[in-house]
Amino acid sequence: MPTYAKRLASRENSSVRIRSVPLIRVLLFLILLALFTGATLTQALAQTPTPDTSAISADQVNEVARGLWCPLCSGVRLDACELKACEQMKEMIAIKLAEGANDEEIRAYFLEQYGPQVFGEPPREGFNWLAWILPVIGLLGGGVFVWFGIRRMTSQQAAVIASTPAQASLPSQSDNYSQKLEQELSRYD
Amino acid sequence: MLFNIGFLILVTALVLAGFGVVLGFAGGQQRNQRLVQSSFHAVYAVAGLVAIAAVMLWYGLLTDQFQLTYVWNHSERALPSFYKFSALWGGQAGSLLFWTLLLSIYSVIVAAVNRRRHQMLMPYVNAMLLVTSLFFLVLLVFAANPFKQAAFVPADGQGLNPLLQNYWMVIHPVMLYLGYVGLAIPFAFAVGALISKRVGNEWVRTVRRWTLIPWMFLSAGILMGSQWAYMELGWGGYWAWDPVENASFLPWLTGTAFLHSIIIQEQRGVMKVWNVVLIWLTYFLVILGTFTTRSGVLESVHSFALSDVGPLFLGFLILILFGFLWLLFKRLYLLKDEQYIDSYSSREAAFLGNNWLFTSITFATLWGTFFPMFSEILTGERISVAAPFFNKVNGPLFLLLFLLMGIGPLLGWRRTGVQALRQQFTWPLIAGVAMGVVAIFFSTNPWPSVGLAVCAFATATIVQEFVRGVLARRVSNDENVLVAMGSLMRRNGRRYGGYIVHLGMVMIAVAIIGNEFFQQTTNVTLTPGEHVTLGGYDLTYVALETNQEANRTEIGARMIIHDSSGKMVGSILPRRNLYIKTPDMPTSEVGLRMTLLEDVYVVLNGWENGGATATFTVFVNPLTIWMWIGGLVLVLGTLIASWPHPVKRTTNVPAGAAVAAAGD
């Protein structure tokens, strides 16, 4: 999604750029893109002619693009991105499809070209494992904490009940429902 | 000259707010009525001054005072007055002033309502609300002056960001801010309770409504933002787990957890520490959210260093963090639980489960949002953390949460016996399983079926609760169905309003499942008269239509929609708006046909030769409208839950006397 935050931010600088991506990054990206596309095209031209992409429909390209993310603007899916660089990436998908590459091969190609940014999620390796593991640790740790917290409380309660049986007057389950409802409603009166 | 006075007014407000903070704390400590009275007056005076400053900036915007840098940057002569008015919150300095204005209004209402109540708490509440105002006034005076002037008067302004020139974008920030700012109130009460050592149920009972109302605005604000993204950004979706969206979602998560958690404290006298921590966390996330969106820290660590407001925000966040922890530590001895939890199969346990899941989702979302920043600082490499990460991590947690939303109301306080469990769970379980079995025929993917089954289970729980309540009233009071429904909601709006909010949430979940798993899309280039078919609809491109407005040209492609039987069902106009001031930033206005079942949603991507061909992306989005209907239901439920009770409560049943009913 061309996020409005970035658009707003770009507006803050009275700029008319669609997204506020630091200029240096854009330039770097474009240079890299030019180098990569240049290299790929030269290779392609040297070996085989550029495949005819006319048989590839926009839907086929978008099918692949929906699984990829704009490497410049974090959070924008490739099929929805209108940056020039992303248009070129989509053209590359069409070329790859025309060459007979499948989804996995195309994804691998973009991973190699642009790094893990294109998958929209941290790769499960090295430092980036932390991104995945910490939420799980948080969830499990919290779960254990709550579980034992309740257990501690219930055992304390059981001890209280055992020592003073008179207080252990849990209401019976068979009490009349409407009576209970009235009781509860009347508490607010 | 006038605007120099505006700046001076802000400076005066700042000094007064600082004075009011001292008055409040000192008045509370010394129990000095005169000081306390003065703290009330300080709240009113600060609000008055901030309101005058806001009116002056509005005046500047509406009368095109382009010598003001803010007006020059965010308005233009040709801008419709409506948007000139809303430009107050279109940029940094203005939106901070607007924040302060809303906080001042809230503070005045809190002070006026509680003038004679909560005498021990109010001095600190005033002081804490003024602390927040003080911080924002510091930002306005030292880092983001909305009255900054240029040496000359430019002929025209730069114009408002085209993306903000949309009805939803006018109302969405107002709602969001009302939610954000309002959550400062329960926090102020919590701090007041801790300082005054009145940590019982008094503050908890008082803040319930002061939390519900901001929560309602925040929910509505988030949904309106989604609506805006859906209508304006043209990618077929409504939520991207973008850092700004997450910033609004995080306090919503902890605020929702708090609303549930205070019920256990009220009923059973437990979770006292946790409740103050939760509301502090909510306040912290509100300030953090404002900080992240205003400082650009998540865009890049470097833009933070360049931002004027960033370091001040960071300082305030550190102050809130350590100030609160210190206070909590000093008062920990008072926050002992009065009761114990009896059993895992109790409503208390379900509420704890709710808090566990909400906190886990908050943590995962916070971590995912900030991970790129950590990664950049620690490894030098920026990693993109977008929807795939959040969907994978939070998706299963939300599924569990909705399951719990169905289970919770079926459990009684303290303990639920086996017989009651069977009696309570039979129908909801049948409904859930039946829905799952039906859904599996429509999808090879098991997840949407599981999701829909859980939604059906939760809905059946709510329906069962209403049916049982109504039947009981009919039997005992001989009321007809409508009267019985009415008296349930009037006399126990807290519970039945809450169920209605749950129903709204289920509707939103259904819309998300529909969109996430069953969306269809195609991309086509058409010449006039040509058509495209998708999801049983046939769309024919007719021609380009142009419309000239004061500050923009609207170019739309007319499309006629037929259904599968060939009947014409609608005519839509997906558009591009070209703004004179920003011609290279065309905005998209989708063409939309909404029905209860699905939306036909068309984006105009481009055209050639004056419309000889036009390119479209067509989506069929199932069930999307239920997200907006669910939002309305949620607001309605919140209003019922927070509506003042018809009869003043005369007795306070001690915690522990709560009936443990099967259907309680």
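Tutor: A residue counts as buried if 20 or more other C-beta atoms lie within 10 Å of its own, as exposed if 12 or fewer do, and as partly exposed in between, the C-beta atoms being placed from the backbone. By that count, 28% of the 189 residues of chain A are buried. This is a predicted model, in which local features need pLDDT of at least 70, side-chain atom pairs count only at pLDDT 80 or more, and totals for chains, interfaces and linings use all residues. Residues are numbered from 1 along each chain as its sequence is written, while chains are lettered from A and ligands numbered from 1 in the order in which they are written.

Student: Which elements make up chain A, and in what order do they run?

Tutor: Helices (H or I, at least four residues) and strands (E, at least two) are DSSP runs, numbered from the N terminus. Chain A has 7 helices and 0 strands, and from the N terminus on its elements read α-α-α-α-α-α-α.

Student: What share of the contacts in chain A comes from residues 24 or more positions apart?

Tutor: Two residues are in contact if their C-beta atoms, placed from the backbone, lie within 7 Å. Among the contacts in chain A with a separation of 6 or more, 52% join residues 24 or more positions apart. For chain B, the corresponding share is 73%.

Student: How many helices and strands are there in chain B, and how is the overall form of the chain to be read?

Tutor: Chain B holds 20 helices and 10 strands. Its radius of gyration (taken over C-alpha atoms) can be set against the globule rule, which is 2.2 Å times the number of residues to the power 0.38. The value for chain B is 27 Å, close to the 26 Å that the rule gives for 664 residues, so the chain is as compact as a globular protein of that length. Along its principal axes the C-alpha trace spans about 75 × 70 × 55 Å, and 56% of the 664 residues count as buried.

Student: At what angle do H15(B) and H17(B) cross, and how is the pair classified?

Tutor: Axes are lines fitted to C-alpha atoms, for helices over the stretch in contact, and angles run from 0 to 180 degrees between N-to-C directions. Angles under 35 degrees count as roughly parallel, over 145 as roughly antiparallel, 65 to 115 as roughly perpendicular and the rest as oblique. The axes of H15(B) (residues 387-407) and H17(B) (residues 446-477) come within 8 Å and cross at roughly 25°, which means that the two helices are roughly parallel. Their crossing is left-handed; the term applies if the near helix is turned anticlockwise from the far one by less than a right angle, and right-handed if clockwise.

Student: Which residues of H15(B) and H17(B) meet?

Tutor: From H15(B) there are Leu399(B), Phe402(B), Leu403(B), Met405(B) and Gly406(B), which meet residues of H17(B) including Val450(B), Val454(B), Phe457(B) and Thr461(B). The contact has 9 nonpolar, 3 polar and no charged residues, where Ala, Val, Leu, Ile, Met, Phe, Trp, Tyr, Cys and Pro count as nonpolar, Asp, Glu, Lys and Arg as charged, and the others, Gly among them, as polar.

Student: How do H14(B) and H15(B) pack?

Tutor: H14(B) (residues 347-379) packs on H15(B) at about 165°, with the axes 10 Å apart, and the two helices are therefore roughly antiparallel. H14(B) passes H15(B) in a left-handed crossing. Residues making the contact include Ala350(B), Gly353(B) and Leu357(B) of H14(B) and Phe389(B), Val393(B) and Leu397(B) of H15(B). By class they divide into 12 nonpolar, 6 polar and no charged residues.

Student: Is Pro123(B) buried or exposed, and which residues does it touch?

Tutor: Pro123(B), which has its place in H6(B) (residues 122-143), is buried, with 30 other C-beta atoms within 10 Å. Not counting residues up to four places away in sequence, Pro123(B) touches Gly24(B), Gly27(B), Gly28(B), Val36(B) and Ser39(B). Pro123(B) and Ser39(B) are 84 residues apart in sequence, yet 6.8 Å apart in space, C-alpha to C-alpha.
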